[in-house]
Amino acid sequence: MADASLPARTEESSVRLGGYRQELKRTLGPFQVFAISFAFISVAVGIFATYDDVLRNAGPVGIWLWIIAAVGQLLVALVVAQFAARIALSGSSYQWASRLANPKVGWGFGWLTFCYLAIAVVAVDNALASQAFMPLAGMQPDEDTARLITLIVLLIQAVLAIASTRLVSMINTSAVGLELTLVVAVTVALVVAVVITGNGSAANLTSRGVTENASGYFTVGGGLMLAMLMGLGTLVGFDAAANLAEEAKDPYRSVPRAIVGSVAAAGVLGLVFVIALTVAIDDVPRISASESPVAAIMRDQLGPVMERTLLVAITFAFFGAGMVVMAACSRLVFAMSRDGRFPAHRLMRRVDPRTRTPVPATILIFLLGVVLMVALPGDALLELITASTILPALIYASTIVLYLTVRGRLDRRKGAFDLGRFELPVAIAALVWSAVALFVLVTPEDAMVPVLIVAGLLLAGGLFFLALLVFDRQALETEPGDTSIFEH
């Protein structure tokens, strides 16, 4: 039976017990917390951006690997939720590792997550510009125009994120609601259209399409394995809710439920959506050659009006996802800075007393986006974005290893999310899956440059870590609050 007093105690003490003052404002209810994680995943956006790769590398049959990715990521989400149910502080895995291992290990988690989120903001907003907004506006593909639009979107998101967490939540919740409604409506409409017109075929579900005679299809790093990237690239970021835990009501229950629920909902919804899309293909080679297969299928089956409706919804979903990533990254910077473990930490830890948002940290994320957009040439930017897909798999694998190491001494809160006797088998299965996911991500031939970029990011972080050890060692040896409160 849940402890009825848990929400009250949570809101009063979760931050104080961590050794901090409650500076951020608690405004996020259960659905709003769920919407944060679901918006980061953004199943429609992920499929829209990667479905063409599945058709070209594995053929339509490659969609079935979505199931494997969804089950594997759900296992990871269950482990992450176990941590979120015990330590409800901004910074998620950074806080968990700092308090349950040591601050030095925690810093490593924090740096990896910061790199991932800072790149992800740019990746999402650049995709918004080039893949959704420009086609919607009838604009021809142009990299310079896409970059300018990306900068404008980044600025708008930063202003909104600074103005109010509640405002961010309202926009994000609306985007999630629209995305859910549209994906369900489109799925039903496609099935009905195929039944009525006969254009499309259930045989597509087992077809290799344009890869029928491709060599190396079943080899390591081959076409079939590459189809796994749709699920691995989409079903990530579900821990975003944990980065905003200090702004959630009843975080010990709402945040874990959002983490697990968002992956489960996205997994089921995404599977139904890709099945409907695949059955609705009436010309596999032509659709596989299209720059935007999802939009092409919609146009063929439902007409140009529905195609434009989809692009409007996708644009809005991209915007909501980008804003959530920016907010999550700024909270991580804030969390690391108040512990003195981030560059310019005295500035980055400041919270505006009126808006109750970390203004300098948010501006930093915006400025980093500007630098990446202005300084990096097209190929380098693409490689950096590709490298960012490796980072979440690395973070999740490390989180699971941490959990298996410390789980025996974790505190258990009555009424909070808990796997009970299933926690060990789930954690072991999640670790096996994470090893598989990393293998899939790093083995393709074109993964060498992204792997080197990740190594470079780790090296850059290592240099700052050494500087901390030399000039501010105490920041890496002391932890705010009483860490024993998280242990039994």
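Helices (H or I, at least four residues) and strands (E, at least two) are DSSP runs, numbered from the N terminus. The structure described here is a predicted model, in which local features need pLDDT of at least 70 and side-chain atom pairs count only at pLDDT 80 or more, while totals for chains, interfaces and linings use all residues. Residues are numbered from 1 along each chain as its sequence is written, and side-chain values use heavy atoms, with hydrogens and water left out.

The secondary structure of the chain consists of 21 helices and 0 strands. Along the principal axes, the C-alpha trace spans about 65 × 50 × 40 Å. For 488 residues, a compact globule would have a radius of gyration near 23 Å, and the 22 Å of the chain agrees with this; the radius is taken over C-alpha atoms, and the globule rule is 2.2 Å times the number of residues to the power 0.38. Of the 488 residues, 57% count as buried, where buried means under 20% relative accessible area, exposed over 50%, and partly exposed in between (1.4 Å probe, protein chains only). Contact means heavy atoms within 4.5 Å. Among contacts between residues at least 6 apart in sequence, 83% join residues at least 24 apart.

Most residues other than glycine have a negative phi. R356, in the loop between α16 (345–348) and α17, has a positive phi near 55°. With a relative accessible area of 27%, R356 is partly exposed. S42 also has a positive phi, near 45°, and is found in the loop between α2 (30–41) and α3. The relative accessible area of S42 is 1%, and S42 is therefore buried.

V43 lies in helix α3 (residues 43–57) and is buried, with a relative accessible area of 1%. Leaving aside neighbours within four places in sequence, V43 is in contact with F38, W66, E179, T234, A266, L269 and G270.

Helix α4 (residues 65–84) has 20 residues, which at 1.5 Å a residue should span 28 Å; the end C-alpha atoms are 28 Å apart, in agreement. The expected span is 1.5 Å times one less than the number of residues. Because 15 of the 20 residues of α4 are buried, this helix is largely enclosed by the rest of the structure. In helix α8 (residues 165–197), T187 counts as buried at 8% relative accessibility. T187 touches V272, F273 and A276, not counting residues up to four places away in sequence. By contrast, P141, in the loop between α6 and α7 (143–163), is exposed, with a relative accessible area of 67%.

The second largest pocket has a volume of about 180 Å³. A pocket is an open set of points on a 1 Å grid over the protein atoms alone, where a 1.4 Å probe fits, with protein on both sides within 12 Å along at least five of seven lines; lining residues have an atom within 4 Å of a point. Grid points are joined across faces, edges and corners, and the volume is the space filled by probe spheres set on the points. The lining includes W111, F114, L368 and L457. Helices α6 (103–136) and α17 (359–375) each supply at least two lining residues, and the largest share, 5 residues, comes from α6.
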